[in-house]
Amino acid sequence: MSHAPSNMLLRRGPSFLLFSKPHHLLTSSPPLILPLLSFPQQLRYASLLHLPACRSRLYCSHSQATVPSPSHEPTTNPPSSSSSSRVADKKREKFVRRALFVPPGVAREEVTEEMILPGSNIVIGPYAGHSQIKQVEFVKSSSRVKDCPKDDRPEFAMLGRSNVGKSSLINALTRKKEVALTSKKPGKTQLINHFLVNKSWYIVDLPGYGFANAPEAARMDWSSFTKGYFLNRNTIVAVLLLVDASVPPQKIDLDCANWLGRNNIPMTFVFTKCDKKKSGKQRPDENIKNFQELIRKSYKEPPPWIMTSSVTGLGRDELLLHMSQLRNYWDN
Ligand code: GDP
């Protein structure tokens with residue numbers, strides 16, 4: 001069954017409900033208030049992230065970052081004195097400011113630099129809450145959408161090209177090796193795998209796409225199978241579309257991103273392998289910027305994006321915090 005985009009607007013999802021919820025719901029005090037502005041408030045942010053206080057200063061060096069983030073100064077490269085690199089940094093900063101993802105409960109004009117998660121365009125708002133994963137259990141593998149769990153818990157669907165680093169990211173997020181191992185088991189890679197987190201929400205591992213050697217028919221099957229899941233599953237809080245930032249934008253990822261945008265599926269771009277810099281090749285942040293320029297027309301509002309590395313841990317806690325604010329909003 002195909003849904004027209006107008007139907008999709010009725011679904012409960014943070015990305016497209018931003019301006020469709022009654023105003024009083026957006027501005028009323030939600031249960032989890034994340035203070036943002038003063039230093040004590042930043043300490044609270046640190047405690048939500050379970051970070052040392054110094055890292056609550058969003059623009060301080062990310063201890064694990066090895067690549068410059070578009071939203072702040074390079075952390076490992078010495079500051080360049082060349083005017084061209086200063087201009088490039090300024091342009092990147094402007095790019096982030098222009099295309100911020102502003103969550104419910106925050107007015108765009110109130111956003112300050114401190115409210116933007118490092119290495120992302122994501123503004124943290126009042127719905128952000130405790131985000132750490134304490135417990136994960138494999139629930140089931142489903143070959144059809146109608147076989148997926150029916151308990152109405154919110155879920156995040158993880159999607160990406162094969163080899164993008166999906167298993168590594170799931171491992172990094174959950175710190176449980178068996179989760180990714182289950183997903184990699186022969187026979188399970190082409191199924192929808194549900195993992196219950198903290199007994200309250202799901203991580204859903206979807207089949208990877210773009211297997212280089214898969215016959216055309218198998219690729220088409222993947223496509224209709226996964227598209228059916230997106231269009232018919234109304235417990236999706238957001239799709240996390242994983243994109244390898246160490247390579248220039250790939251057509252198959254752009255096609256997927258454009259399709260999700262055109263169909264109003266709430267989503268977040270999770271750029272992987274941001275620690276990787278091949279000599280003579282474009283930097284991850286340049287690939288990210290190019291990627292977003294290529295998909296911009298498919299999105300009415302700038303979708304959230306975040307840089308991650310499963311090798312250094314870059315973006316892990318920030319991604320979990322972002323997921324918590326989407327989830328808490330969805331729950332309310
Ligand atoms: P999947 O097929 O999407 O599940 O990808 P995997 O998690 O199995 O990763 C594919 C390859 O990329 C493996 O060789 C990983 O070690 C590597 N990889 C995954 N994440 C990262 C990362 O953040 N940085 C780097 N440098 N390599 C990574």
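How many residues does helix α9 have, and how far does α9 reach from its first C-alpha to its last? Before the answer, two remarks on the source. This is a predicted model, in which local features need pLDDT of at least 70 and side-chain atom pairs count only at pLDDT 80 or more, while totals for chains, interfaces and linings use all residues. Residues are numbered from 1 along each chain as its sequence is written, and side-chain values use heavy atoms, with hydrogens and water left out.

Now α9. The helix runs over residues 251-262, has 12 residues and reaches 16 Å from first C-alpha to last, close to the 16 Å expected at 1.5 Å a residue. That expected span is 1.5 Å times one less than the number of residues. Helices here are DSSP runs of H or I with at least four residues, strands are runs of E with at least two, and both are numbered from the N terminus.

Which residues of α9 are buried? I call a residue buried under 20% relative accessible area, exposed over 50%, and partly exposed in between, with a 1.4 Å probe and protein chains only. On that basis the buried ones in α9 are Asp253, Leu254, Cys256, Ala257, Asn258, Trp259, Leu260 and Gly261. Asn264 follows the helix, with a positive phi near 55°.

Cys256 itself has a relative accessible area of 11% and is therefore buried. Cys274 is buried too, at 0%. As for disulfides, taken as pairs of cysteine sulfur atoms within 2.5 Å, the count is 0.

Next, the ligand. Which element gives the largest share of the shell around the ligand? That is α6, with 3 residues. There are 13 residues around the ligand, and Lys166, Ser167, Ser168, Asp275 and Ser310 come nearest; a residue belongs to this set if one of its heavy atoms lies within 4 Å of the ligand.

Some of the distances are as follows. A backbone N or O atom of Gly165 is 3.0 Å from an oxygen atom of the ligand. For Lys166, a polar backbone atom is 2.8 Å from a ligand oxygen. For Ser168, the polar atom is in the side chain, and the distance to a ligand oxygen is 2.6 Å. The ligand taken alone exposes 580 Å², and the protein buries 71% of that. Accessible areas come from the Shrake-Rupley method with a 1.4 Å probe; for residues, only the protein chains shown count as cover.

Why is α6 described as largely enclosed by the rest of the structure? Because 7 of its 9 residues are buried. Those are Lys166, Ser167, Leu169, Ile170, Ala172, Leu173 and Thr174. Ser167 is buried at 19%. Leaving aside neighbours within four places in sequence, Ser167 is in contact, meaning heavy atoms within 4.5 Å, with Ala180 and Lys184. After α6 comes Arg175, with a positive phi near 55°.

Last, two more backbone angles. Most residues other than glycine have a negative phi. Asn163 is not a glycine, yet has a positive phi of about 80°. Asn163 sits in the loop between β2 (155-160) and α6 (166-174), and is exposed at 67%. Lys273 also has a positive phi, near 60°. The loop of Lys273 runs between β6 (267-272) and α10 (284-295), and Lys273 is partly exposed at 23%.

Conventions: Polar contact = N/O pair within 3.5 Å; in protein donor to acceptor, adjacent residues only side chain to side chain.
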